[in-house]
Amino acid sequence: MKEKIHVPPIKIQGIKTKLVPLIKDNIIMDKEMLWVEPFMGSGVVGFNIRPQQAIFADTNPHIINFYNNIKQKNIDSYIVRNFLESEGDKLEKGDDEYYYEVRERFNKNHSSLDFLFLNRSCFNGMIRFNKNYKFNVPYGHKPQRFSKAYITKIVNQVKYVEQMLCISDWNFICQSFDNTINSIQEERAFIYCDPPYIGRNVDYYDSWSEDEETKLKKMLISNNNYFMLSTWDHNKYRKNEYVDTLWGFCKKINKEHFYYVGANENNRNSIVEALLINY
Ligand SMILES: C[S@@+](CC[C@H](N)C(=O)[O-])C[C@H]1O[C@@H](n2cnc3c(N)ncnc32)[C@H](O)[C@@H]1O
């Protein structure tokens with residue numbers, strides 16, 4: 001029987017839900033090891049690996065705050081249900097106008113509940129900010145955006161994280177990948193990296209360039225733990241040259257993948273993914 005993949009409450013373009021089984025089959029992990037995910041995004045990979053100890057990090061403070069609020073019990077599935085029911089009603093009445101009111105409110109107050117609301121009602125579940133770090137994804141029109149069934153689905157996604165936090169030692173830290181990797185020098189760790197894809201449009205929270213990719217490689221090599229890096233290998237138009245140049249020393253596992261989330265047409269085409277490993 002196929003194992004259930006738990007989808008997290010916060011979505012992001014480039015989410016690896018479909019690649020979780022392949023990633024799971026190819027990692028080297030035991031109960032004593034620390035799982036380190038310097039580019040957590042939605043967190044779907046680590047959340048399904050279910051490590052006993054983990055560091056989930058990202059430079060997007062809203063993702064990190066959301067999970068820290070669950071961890072600190074400022075937010076729970078009950079609060080999420082009430083919030084989405086009442087905000088969903090207002091959205092039903094106010095339509096676009098209400099969505100943009102919440103977006104403006106979020107850009108001033110940075111509430112985690114508003115972040116969840118926007119993430120689950122915006123266009124294609126994107127996370128995108130402008131140069132001034134203002135969330136700028138438009139409304140994703142849909143009748144009955146927050147239907148009962150949709151709210152229950154989100155609530156169950158929050159419940160899964162709550163349950164995992166009761167039985168595991170997971171830490172959520174807002175920091176750049178270099179600080180995350182630097183902080184794990186002593187332990188036995190497995191580092192799973194899924195940075196923005198080099199050479200493709202990147203629209204997350206921070207930009208990504210060759211300098212960063214090179215720095216990431218150097219840090220992973222000097223860290224001396226097992227690592228796996230997700231990147232793109234090729235599509236029908238072009239090839240990711242960095243796979244052979246920068247990452248040529250790694251073993252490569254390929255899989256064709258189709259991205260559903262994302263406004264950009266590039267993200268919707270089929271792409272051959274590469275999992276690069278150092279073992
Ligand atoms: C491809 S997404 C990760 C997707 C994730 N694996 C998933 O399945 O949902 C890349 C993430 O890297 C984060 N990011 C970008 N630059 C970063 C940096 N310098 N350090 C840490 N995180 C960064 C972005 O905010 C984004 O969440």
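Start with the backbone oxygen of Phe 47. It lies 2.6 Å from a polar atom of the side chain of Tyr 160. Keep in mind that this is a predicted model.

Stay with Tyr 160. This residue lies in helix α6. Is Tyr 160 buried or exposed? It is buried, because its relative accessible area is 10% and the cut-off for buried is under 20%. Leave out residues up to four places away in sequence, and Tyr 160 touches His 6, Phe 47, Asn 48 and Arg 50. The C-alpha atoms of Tyr 160 and Ser 77 are separated by 9.4 Å, and the two residues are 83 apart along the chain.

Now the helix itself. Helix α6 covers residues 148-167, which makes 20 residues. From first C-alpha to last, α6 reaches 29 Å, close to the expected 28 Å. Which residues of α6 are buried? Tyr 150, Ile 151, Ile 154, Val 155, Gln 157, Val 158, Tyr 160, Val 161, Met 164 and Leu 165. What do they pack against? The partners are α2, α3, α4, α5 and β3.

Back to Phe 47, this time for its ring. The structure holds 25 aromatic pairs. Take Phe 47 and Trp 170. Their ring centres are 5.4 Å apart and their planes are at 5 degrees, so this pair is stacked. The pair links distant parts of the chain, with Phe 47 in helix α2 and Trp 170 in strand β3, 123 residues apart. Both Phe 47 and Trp 170 are buried. A second pair is Phe 146 with Tyr 150, and this one is tilted. Here the centres are 5.7 Å apart, with 40 degrees between the planes. Phe 146 is buried, with a relative accessible area of 10%. Tyr 150 is buried too, at 17%.

Phe 47 and Trp 170 also belong to one aromatic cluster. Elsewhere, a charge meets a ring. The charged end of Arg 200 sits over the ring of Trp 232, 5.0 Å from the ring centre.

Next, Ser 42. Where is Ser 42 found? In the loop between β1 and α2. Ser 42 counts as buried because its relative accessibility is 2%. A polar atom of its side chain lies 3.1 Å from the backbone nitrogen of Val 44. Setting aside neighbours within four places in sequence, Ser 42 is in contact with Pro 8, Ile 10, Ile 12, Ile 15, Phe 47 and Tyr 67.

On to α4, residues 77-109. This helix has 33 residues, but its end C-alpha atoms are only 21 Å apart. A straight helix would reach 48 Å at 1.5 Å a residue. What else does α4 show? A kink of about 125 degrees, centred on Gly 94. At the N-terminal end, Asp 76 caps α4. A side-chain oxygen of Asp 76 lies 3.1 Å from the backbone nitrogen of Tyr 78. After α4 comes His 110, with a positive phi near 55 degrees.

Most residues other than glycine have a negative phi. Asn 124 has a phi near 60 degrees. For Gln 144, phi is near 50 degrees. How accessible is each one? Asn 124 counts as partly exposed, at 26% relative accessibility. Gln 144 counts as exposed, at 53%, because the cut-off for exposed is over 50%.

Last stop, Asn 225. This residue is found in the loop between α8 and β5. Asn 225 counts as buried, at 11% relative accessibility. Which residues is Asn 225 in contact with, leaving aside neighbours within four places in sequence? Ile 184, Glu 187, Arg 188, Ala 189, Ile 191 and Asn 278.

To close, go back to where we began. The Tyr 160 side chain meets the Phe 47 backbone oxygen at 2.6 Å, and the ring of Phe 47 stacks with Trp 170.

Key. Residues are numbered from 1 along each chain as its sequence is written. This is a predicted model: local features need pLDDT of at least 70, side-chain atom pairs count only at pLDDT 80 or more; totals for chains, interfaces and linings use all residues. Side-chain values use heavy atoms; hydrogens and water are left out. Helices (H or I, at least four residues) and strands (E, at least two) are DSSP runs, numbered from the N terminus. Buried means under 20% relative accessible area, exposed over 50%, partly exposed in between (1.4 Å probe, protein chains only). Contact means heavy atoms within 4.5 Å. A polar contact is a pair of N or O atoms within 3.5 Å; within protein, one must be able to donate a hydrogen and the other to accept it, and residues adjacent in sequence count only if both atoms are side-chain atoms. The expected span of a helix is 1.5 Å times one less than its number of residues. The bend at a residue is the angle between axes fitted to the seven residues ending there and the seven starting there. Rings of Phe, Tyr and Trp (its six-membered ring) pair if their centres lie within 6.5 Å; planes under 30 degrees apart count as stacked, over 60 as edge-to-face and the rest as tilted. A charge sits over a ring if NZ of Lys or CZ of Arg is within 6 Å of the ring centre and within 35 degrees of the ring normal.
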